[in-house]
2 protein chains.
Amino acid sequence: MRTGDVAVGATRPMGGRTRVTIADVAAHLGVTKSTVSRALNGYPDIAEATRLRISRAAERLGYRPLSHAQAIRTGRVRSLGLVLQIDDEDSARPFLANFIAGVTQAASDENWTITIATAESEKGVRETLSRLVDEHKADGFILPRTLLRDKRVEILRAQNVPFIMFGRTADPTGCAWYDIKGEDAMRAATTRLASFGHTRIAHVPGGEEYTYSRLRIGGYREGLEAAGIAFDPALIGPPALTRQAGDMATRALLALPEPPTAITFAVDRAALGAYRAAQALSLRIGADVSVIAYDGVPEGAYADPGLTTFAVNSRQAGERLATLLIKRIRGAAPEELRELAPATLIERGSDRPPRLTPAALARHLKTQTNI
Amino acid sequence: MRTGDVAVGATRPMGGRTRVTIADVAAHLGVTKSTVSRALNGYPDIAEATRLRISRAAERLGYRPLSHAQAIRTGRVRSLGLVLQIDDEDSARPFLANFIAGVTQAASDENWTITIATAESEKGVRETLSRLVDEHKADGFILPRTLLRDKRVEILRAQNVPFIMFGRTADPTGCAWYDIKGEDAMRAATTRLASFGHTRIAHVPGGEEYTYSRLRIGGYREGLEAAGIAFDPALIGPPALTRQAGDMATRALLALPEPPTAITFAVDRAALGAYRAAQALSLRIGADVSVIAYDGVPEGAYADPGLTTFAVNSRQAGERLATLLIKRIRGAAPEELRELAPATLIERGSDRPPRLTPAALARHLKTQTNI
DNA sequence: CAAACCTCCGAAACCGGTTTCGGCAAGGCT
DNA sequence: AGCCTTGCCGAAACCGGTTTCGGAGGTTTG
């Protein structure tokens with residue numbers, strides 16, 4: 001085939017003109033493939049002059065090694081795996097775009113790529129994860145939404161595949177992770193509310209199977225202690241991850257004999273449910289009942305009043321996770337690859353000094369609901 | 001190495017126990033690699049009995065071909081490429097999770113994977129796209145957010161790389177696409193408003209560089225015509241893609257001597273800006289001014305009153321795009337790979353019969369603003 | 001019964017890289 | 001001068017698959 005011949009239509013599977021291979025570079029310079037390979041990969045037994053000559057020629061000829069051709073010998077495909085669970089309509093949504101942006105950014109800085117897959121259930125996630133591992137589609141995996149006991153970890157550990165978790169776990173042996181200090185956020189939220197004069201402060205946790213949930217409850221209790229407020233188990237509401245559940249949890253807490261005048265939520269979305277509950281009970285968020293939550297979903301800004309929350313920088317999380325994972329794949333010990341980052345408070349209007357005492361609030365609620 | 005030997009620590013780059021290769025399967029059966037390969041890939045010159053024997057053995061031994069090992073000879077990595085532009089804070093966000101879910105679902109049904117990358121600018125997108133093409137990280141690409149004249153198309157066409165667009169384009173030669181009939185939606189929105197009794201109906205288009213924008217304006221004009229309303233160029237507002245821009249566009253339209261009592265928006269997010277404008281002008285959406293938009297973002301449901309909109313099923317879009325692209329990669333002609341799907345109307349409270357005539361609305365507005 | 005054809009599979013080349021091994025030449029050491 | 005290093009690179013094997021080529025054996029045809 002002469003140079004300039006170009007496949008027409010779909011004759012050639014892909015890539016119009018023939019690729020320039022390592023053999024082309026070698027022939028062009030009158031050296032062997034092996035020399036080119038070693039020069040380009042920084043082996044020590046190549047003369048500096050030769051290395052320069054080769055890398056310049058490679059550059060000029062536009063030589064790009066095929067990562068999958070390299071992979072067959074090296075066992076590295078230069079790709080990071082990410083298996084997302086997309087179940088209920090809106091779970092991972094706001095989080096996702098920035099997170100992916102962060103991950104891909106860090107990855108492409110090292111000239112790696114991301115292989116992404118989704119599943120609808122935990123079981124589905126494990127199955128796709130296994131498949132990707134079997135077919136070696138990625139050199140390592142990022143595990144979002146870490147559970148207290150996470151079967152994904154068992155799978156990867158058994159196959160000896162590098163991974164990093166977004167979130168801590170119950171059994172940390174051999175695990176690298178990046179996590180946000182949700183416990184600090186919840187402690188700060190609680191002391192903040194206490195400093196406003198609240199004495200009955202409730203907490204609505206997230207999903208029990210998640211590690212973060214336990215941590216945030218811990219932070220809440222620390223906050224109470226720091227403020228000198230006795231912990232009341234009744235003020236731990238039922239777990240809530242959705243608006244609907246948050247609505248119910250809020251109603252349940254307000255129905256207590258001595259209701260809270262402030263509620264901390266482990267999850268923004270649940271906190272938005274409190275707005276609904278408040279409206280139904282003719283209560284005003286940020287006056288009759290204060291709210292501080294965690295996540296930083298955009299909807300919080302559009303609520304009325306705006307939701308005060310501890311926002312996580314998910315773009316940065318993605319970036320760090322990717323860089324740490326690459327280090328892990330390159331051999332770093334997992335114990336050295338653990339990072340914690342703070343959440344940042346976004347003050348809006350949902351947390352204010354209490355307008356009523358708990359007792360007055362209870363009386364007020366009695367007049368509203370006619371049960 | 002005896003069977004049972006397992007690499008400890010990070011000795012072996014990945015995959016604890018040695019992989020079972022095609023040679024293992026062949027040896028186990030006393031045939032050659034080539035026979036196994038042909039049997040598994042459905043070549044016609046393998047006896048049915050042999051094929052069965054081989055595929056059963058492969059199954060039992062847990063043999064999984066490495067796609068990158070196959071790729072080196074076949075030129076196919078069994079991966080779909082997706083380069084996302086994540087620029088302004090919240091552009092692609094709600095769209096993304098479901099879209100990716102759809103794409104990955106369809107891809108993994110065929111045992112393909114998705115290689116994803118992001119960039120912040122159009123230029124960045126083109127650069128990453130070129131890089132992925134050069135390194136053959138994917139066999140074909142999905143191009144979201146098609147522009148009227150799209151340079152990504154030129155890049156891929158030049159390299160003869162298969163692709164499919166989410167959205168139509170000005171020059172369709174050689175292009176496969178999937179798109180939502182936004183023009184139909186806008187026509188329906190307009191006739192619907194007209195049927196409510198609105199006579200002054202405005203339209204706020206999306207970004208001018210996008211194909212859809214032009215199409216939706218066309219639909220709007222068709223709707224006017226069908227309702228027997230004369231087109232008034234003054235009622236085409238400035239393009240708006242964000243809440244902020246939608247706010248401004250709404251104010252501009254309402255400041256007209258004969259203001260519209262209804263506005264159609266090419267984009268939900270812009271329509272949400274109208275709520276702000278209305279509040280500032282003491283107007284009630286769904287009474288003083290009606291609104292119908294397009295996209296189906298979740299925030300629309302939480303607006304008060306809820307935003308009536310034409311929602312696109314982005315999960316389905318992802319699914320179809322992936323399946324069509326795979327067909328394209330397998331050699332189907334692009335002309336046969338063009339699909340249009342309808343948007344579905346979600347009726348909420350933002351579109352109602354007008355409470356005031358345009359003249360009365362204008363008078364009302366004069367009393368509000370003291371300029 | 002030989003020639004011509006199929007059917008089915010083995011042998012070997014091939015894809016584009018990496019890595020091992022060994023050898024040549026120059027330099028250092030006694 | 002002879003020997004031993006050391007630096008540098010070529011030759012060839014290798015990775016895990018796919019694909020071409022050809023040939024053995026059985027079947028059909030003339």
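Helices and strands are taken here as DSSP runs, numbered from the N terminus, and in this predicted model the residue A:G237 lies in the loop that joins α9 (211-227) to α10 (243-254) of chain A. With a relative accessible area of 7%, A:G237 is buried, because the cut-off for that class is under 20%. Not counting residues up to four places away in sequence, A:G237 is in contact with A:H203, A:P205 and A:L253. One of these, A:P205, is 32 residues from A:G237 along the chain, and the C-alpha atoms of the two are separated by 6.9 Å.

Chain A also contains strand β3 (residues 140-143), which runs parallel to β4(A) and is joined to it by three bridges; the partner of A:I142 in β4(A) is A:I164. Strand β4 (residues 163-166) of chain A is covered on both faces, with A:F163 and A:M165 buried on one side and A:I164 and A:F166 buried on the other. In a regular strand, side chains alternate between the two faces of the sheet.

| Helices | Angle between axes | Distance between axes |
|---|---|---|
| α10 (residues 243-254) and α11 (residues 268-280) of chain B | about 55° | 6 Å |

The two helices, α10(B) and α11(B), are therefore oblique to each other, and α10(B) passes α11(B) in a right-handed crossing. On the α10(B) side the contact includes B:R243, B:D247 and B:R251, which, with others, meet residues of α11(B), among them B:R269, B:L272, B:R276 and B:A280. The residues of this contact of α10(B) with α11(B) comprise five nonpolar, four polar and five charged.

Methods
Residues are numbered from 1 along each chain as its sequence is written. Chains are lettered from A and ligands numbered from 1 in the order in which they are written. This is a predicted model: local features need pLDDT of at least 70, side-chain atom pairs count only at pLDDT 80 or more; totals for chains, interfaces and linings use all residues. Side-chain values use heavy atoms; hydrogens and water are left out. Helices (H or I, at least four residues) and strands (E, at least two) are DSSP runs, numbered from the N terminus. Buried means under 20% relative accessible area, exposed over 50%, partly exposed in between (1.4 Å probe, protein chains only). Contact means heavy atoms within 4.5 Å. Axes are lines fitted to C-alpha atoms, for helices over the stretch in contact, and angles run from 0 to 180 degrees between N-to-C directions. Angles under 35 degrees count as roughly parallel, over 145 as roughly antiparallel, 65 to 115 as roughly perpendicular and the rest as oblique. A crossing is left-handed if the near helix is turned anticlockwise from the far one by less than a right angle, and right-handed if clockwise. Ala, Val, Leu, Ile, Met, Phe, Trp, Tyr, Cys and Pro count as nonpolar, Asp, Glu, Lys and Arg as charged, and the others, Gly among them, as polar. Two strands pair if DSSP finds at least two bridges between them.
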